[in-house]
Amino acid sequence: MWNNKSLNLQYFTKKEFVMGKINVFNKMNPTFLLQLDELRGLVDEPLTVKSSYRDKKYNKKVGGSVESKHMESIAVDLHCDNGTLRGKIVHHALNLGMSVGVSGNFIHVDSRDKQILFTY
Ligand SMILES: [Zn+2]
């Protein structure tokens, strides 16, 4: 758990990071949050966080992978259901060195060590 209160994010706000009804902003890795904020700036369009930090129990409940990066505080799923925005997010996330998972209505981004691009 970090104290992200002093983190200087340009776009994302604390209330956007929830696990069910629990706010998990302080569970997010601050380095990842800064990278995510940078991604938001490059995409230059509003991005909606659908999922962020998950504990093991919650991850199981929502059908997450047993090795999900959401449990390591370095992943989010961003709502996306159109091709133009999808292209922009994937392009900029990969350029930033993030790993990307593409689904029909969301894009997963994380900051694991070895970069990958995957589908669901
Ligand atoms: Zn995800």
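These are my notebook entries on one predicted model.

**Ground rules**

I number residues from 1 along each chain, as its sequence is written.

**Overall dimensions**

Along the principal axes, the C-alpha atoms fill a box of roughly 35 × 30 × 25 Å.

I then checked burial. A residue is buried with 20 or more other C-beta atoms within 10 Å of its own, exposed with 12 or fewer, and partly exposed in between, the C-beta atoms being placed from the backbone. Of the 120 residues, 28% count as buried.

For contacts I required C-beta atoms, placed from the backbone, within 7 Å. Among contacts with a separation of 6 or more, 58% join residues 24 or more positions apart.

**Elements**

I took helices (H or I, at least four residues) and strands (E, at least two) as DSSP runs, numbered from the N terminus. The protein chain has 3 helices and 7 strands. Their order from the N terminus is β-β-α-β-α-β-α-β-β-β.

**The sheet**

I counted two strands as paired if DSSP finds at least two bridges between them. An open sheet of 5 strands has the order S3-S4-S6-S5-S7, with mixed pairing. S3 and S7 (117-119) are the edge strands, each pairing on one side only. Neighbouring strands are turned by 30° against each other on average, direction ignored. For such angles, axes are lines fitted to C-alpha atoms, for helices over the stretch in contact, and angles run from 0 to 180 degrees between N-to-C directions.

H3 packs on this sheet and touches S4, S5, S6 and S7; its direction makes about 160° with that of S5.

I went through the pairs next. S3 and S4 run antiparallel and are joined by 2 bridges. S4 and S6 also run antiparallel, with 5 bridges. S5 (residues 99-102) pairs with S7 in the parallel sense over 3 bridges, and Gly101 stands opposite Phe118 in S7.

Leu78 in S4 was worth a separate look. Val49 stands opposite Leu78, and in S6 the bridge partner of Leu78 is Ile107. S4 is mostly covered, with 4 of its 5 residues buried.

**The core**

I defined a nonpolar core as a set of buried Ala, Val, Leu, Ile, Met, Phe, Trp, Tyr and Cys residues joined through C-beta atoms within 7 Å. The largest one has 22 residues, and those with the most contacts inside it are Met28, Leu36, Leu78, Ala93, Ile107 and Val109. H1 (30-43), S4 (75-79), H3 (83-95) and S6 (106-110) each supply at least two residues of this core. The largest share, 4 residues, comes from H1.

I listed the contacts of Ile107, leaving aside neighbours within four places in sequence: Leu78, Cys80, Arg86, Ile89, Val90, Val100, Gly101 and Val102.

**Helix H3**

H3 has 13 residues and reaches 18 Å from its first C-alpha to its last, close to the 18 Å expected at 1.5 Å a residue. The expected span is 1.5 Å times one less than the number of residues. Gly97, whose phi is positive, near 90°, follows H3.

Lys88 is found in H3. With 17 other C-beta atoms within 10 Å, Lys88 is partly exposed. Lys88 and Met98 are 10 residues apart in sequence and 13 Å apart in space, C-alpha to C-alpha.

**Positive phi outside glycine**

Asp44 is not a glycine, yet has a positive phi of about 60°. Asp44 is placed in the loop between H1 and S3 (49-51). Asp44 is exposed, with 9 other C-beta atoms within 10 Å.

Ser73, also not a glycine, has a positive phi of about 70°. Ser73 lies in the loop between H2 (56-61) and S4. Ser73 counts as buried because there are 22 C-beta neighbours inside 10 Å.

Technical notes. This is a predicted model: local features need pLDDT of at least 70, side-chain atom pairs count only at pLDDT 80 or more; totals for chains, interfaces and linings use all residues. Two residues are in contact if their C-beta atoms, placed from the backbone, lie within 7 Å.
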